[in-house]
There are 2 protein chains.
Amino acid sequence: MLPSIRCRRTNLIRRPCLSARLSTSSVLLANRAIVYSSFGNPSEVLSAITYPDLPPPPSKSLNVKYILSPINPADLNVIENKYHSKPSPVSSLSEGRHKFPEPHYVGGNEGLAEVTESVGLSEVNAATITVNPPTAYNMLHSFVEPKEGDLVMQNGANSAVGQAVIQIAARKGIRTLNFVRNRPDIDSLKNYLQSLGATHVFTYDDLKDKETVQNIKTTITKKGTSLMLNCVSGEPTKDMTRLLADSATLVSYGAMSKQPLILPTSLFIFRDLRCRGFWQSKWYEEHSIQQREELMKTLAELKLREPEYEILNLKGTASDEEVAQQVRSVIAKIQEGRYGRKVLLRFEPAQ
Amino acid sequence: MLPSIRCRRTNLIRRPCLSARLSTSSVLLANRAIVYSSFGNPSEVLSAITYPDLPPPPSKSLNVKYILSPINPADLNVIENKYHSKPSPVSSLSEGRHKFPEPHYVGGNEGLAEVTESVGLSEVNAATITVNPPTAYNMLHSFVEPKEGDLVMQNGANSAVGQAVIQIAARKGIRTLNFVRNRPDIDSLKNYLQSLGATHVFTYDDLKDKETVQNIKTTITKKGTSLMLNCVSGEPTKDMTRLLADSATLVSYGAMSKQPLILPTSLFIFRDLRCRGFWQSKWYEEHSIQQREELMKTLAELKLREPEYEILNLKGTASDEEVAQQVRSVIAKIQEGRYGRKVLLRFEPAQ
């Protein structure tokens, strides 16, 4: 399966993901995609569209059918036009009898497509293996490579990437110092992250308490950590930098707080802080097919626990309007934050 | 001369700089230092103190007499207790009949001391060669090493470091894109920096003008610059990052705006920005005497133009109170900003 997914990513970069396409020609209602024709709030601008069979794929490309299409935070940012990559318009979907406004775009960036061989992953694992786990894996290997016994610090530790970081680190004996937002059920979240292998879990509120910070310094970080992973930015991230070692590297891969990275210049001058960023899409661009397949193989063998998820079944018999409403409504909930589960769309056949 | 200065820096790290000490034993009033016993506003807490001869130096150390003692921005930050390095208290100055409160500290971090051999530098060049010019030189050589024809961008371009960057870059055929604050006599500053070799000079205000920014992108930076030097931080620095190339390095060595470094996280994730810092004192710690001497030799051979300066003569016949008042008063003017000249103290003998 994996080679075919990688293959698709390479050659069919414009082929959408929040969609289902069948290679048979008789089923009409199940050829469906979640699309938008103008940027804006995804819970308002997304529509569903059914379409006839795709034309035969261009040379070196494949038409694939998506089985599960996860909704990742970055997918929503793309629709809001707040992301670095701009989507490419798709025209092949509205040929013939369909009148969806041009240009239109199809949401999404990964998923489980029809497989040609199996490596024994669950559907959910397979549908979510190309974005979050490789981000976690590469951030642990591309900057400061922590060794067994070393400590890595991260915020947004309950994000899908954060959970993958915890698990990958734990398999290598790397300790993790994890930060999450405080919440009523914080103990159950701590227990869950610890069950994944998290060594320590604290909240950003803990960083406001001098005694707790001193305690973390004395008993956990000691001389400080040399690698910090950030998907939050803003105030909590600044507070965490007090736990860094000299010459540490802070790698950003997100900014959930929607705040910039705000750091005292003195950290760079006197403590030799190094700030970097990581973007998995760029990694794919810069690496060969062989390297990508090798990474997928490594990740599959790690057998990471599935993220907590919810599958949104989009019935083949439902109208495009009904499907669009279903998708918009779950996205509105995700946008409130704290949804806590990865949502995957399953486009069901019409029969 | 240089080896003896380097030697002093190594072995007499606690020996103060804003001071004059004579190796003869009969001149009393000229053994004077600018000291403080509590942290605070330098224009309020600094005193002058005369003192008897120093005791013989410890093994591998020298007692030296300062001829010119520059006042650098970082020196003021140390006195304000806003700097990373804390001064070490000095006790030898108040032995005997002197009653200055203990502990007390001596200000300053470089200067021209009594020489044992000459390399032909002017007094002012020699007094200001250990902090600003090596900072400029090392920032151009330790991160992204620009080649002939490449473009380096910097803010605070009229600072002593900025002027050294312009000159060192120009000697190597490296183009510089310089930013300074707007001011009534901006044209004369631009002319001055261009006379040092600056390729382009703009103000931070120019960054607010879309047309000017577009013009800079089209005609100067094109694909962007790969090295940016920052001693300002805050808003102007954020605006400048729009002119950076992908995978550029931003090196900070100061924060004159007294603002943190505020950068969109997306710059790190999508444009692979790398943020670093540079601190010359740390460079000295991490390099051998031979490497330091080599650097001083290289800098001396570059024959950089003296910074615009003003020498404050501290008369040997003046009382400690009068001298303290002189020093405090010039520092108050420096603190207003835009003083534009490096101030060097000259401790005159008593006769």
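Colleague: What span does helix α6 of chain A, residues 160-171, reach from its first C-alpha to its last, and what is expected at 1.5 Å a residue?

Modeller: In this predicted model, the twelve residues of α6(A) reach 17 Å, which is close to the expected 16 Å. The expected span is 1.5 Å times one less than the number of residues, so the comparison rests on the residue count of the helix.

Colleague: What makes you describe α6(A) as largely enclosed by the rest of the structure?

Modeller: A residue is called buried when its relative accessible area is under 20%, and nine of the twelve residues of α6(A) are buried, so the helix is largely enclosed. Among them are Val161(A), Ala164(A), Val165(A) and Ile168(A), together with the polar Gln163(A) and Gln167(A).

Colleague: Which elements of chain A do those buried residues of α6(A) pack against?

Modeller: They pack against the helices α5 (132-141), α7 (186-196) and α12 (289-302), and also against the strands β7 (151-154), β8 (175-180) and β10 (225-230). After α6(A) comes Gly173(A), whose phi is positive, near 75°.

Colleague: Which residues have the most contacts inside the largest nonpolar core?

Modeller: They are Phe179(A) and Phe179(B), in a core of 98 residues. Contact requires heavy atoms within 4.5 Å, and, leaving out residues up to four places away in sequence, Phe179(A) touches residues including Met153(A), Phe202(A), Tyr204(A), Leu207(A), Ile216(A), Met240(A) and Leu243(A).

Colleague: How much of chain A is buried, and what share of its contacts between residues at least 6 apart joins residues at least 24 apart?

Modeller: Buried residues make up 54% of the 351 residues in chain A, while 72% of those contacts join residues at least 24 apart in sequence. The chain holds 13 helices and 15 strands.

Colleague: What area do chain B and chain A bury between them, and how much of it is on carbon and sulfur atoms?

Modeller: The size of an interface is often given as the accessible area lost when the parts come together. Here chain B and chain A bury about 2,300 Å², with 62% of that area on carbon and sulfur atoms. On the chain B side, Thr265(B), Ile269(B) and Phe270(B) lose the most area to chain A, together accounting for 28% of what that side buries. The contact takes 29 residues from chain B and 29 from chain A.

Colleague: Why is the pairing of Lys282(A) and Asp272(B) called a salt bridge?

Modeller: The rule asks for a side-chain nitrogen of Lys or Arg within 4 Å of a carboxyl oxygen of Asp or Glu, and the side chains of Lys282(A) and Asp272(B) meet at 4.0 Å, N to O. Across the interface of chain B and chain A, the rule finds four salt bridges.

Notes. Residues are numbered from 1 along each chain as its sequence is written. Chains are lettered from A and ligands numbered from 1 in the order in which they are written. This is a predicted model: local features need pLDDT of at least 70, side-chain atom pairs count only at pLDDT 80 or more; totals for chains, interfaces and linings use all residues. Side-chain values use heavy atoms; hydrogens and water are left out. Helices (H or I, at least four residues) and strands (E, at least two) are DSSP runs, numbered from the N terminus. Buried means under 20% relative accessible area, exposed over 50%, partly exposed in between (1.4 Å probe, protein chains only). A nonpolar core is a set of buried Ala, Val, Leu, Ile, Met, Phe, Trp, Tyr and Cys residues joined through side-chain atoms within 4.5 Å. Buried area is the accessible area (1.4 Å probe) that two parts lose on being put together, summed over both.
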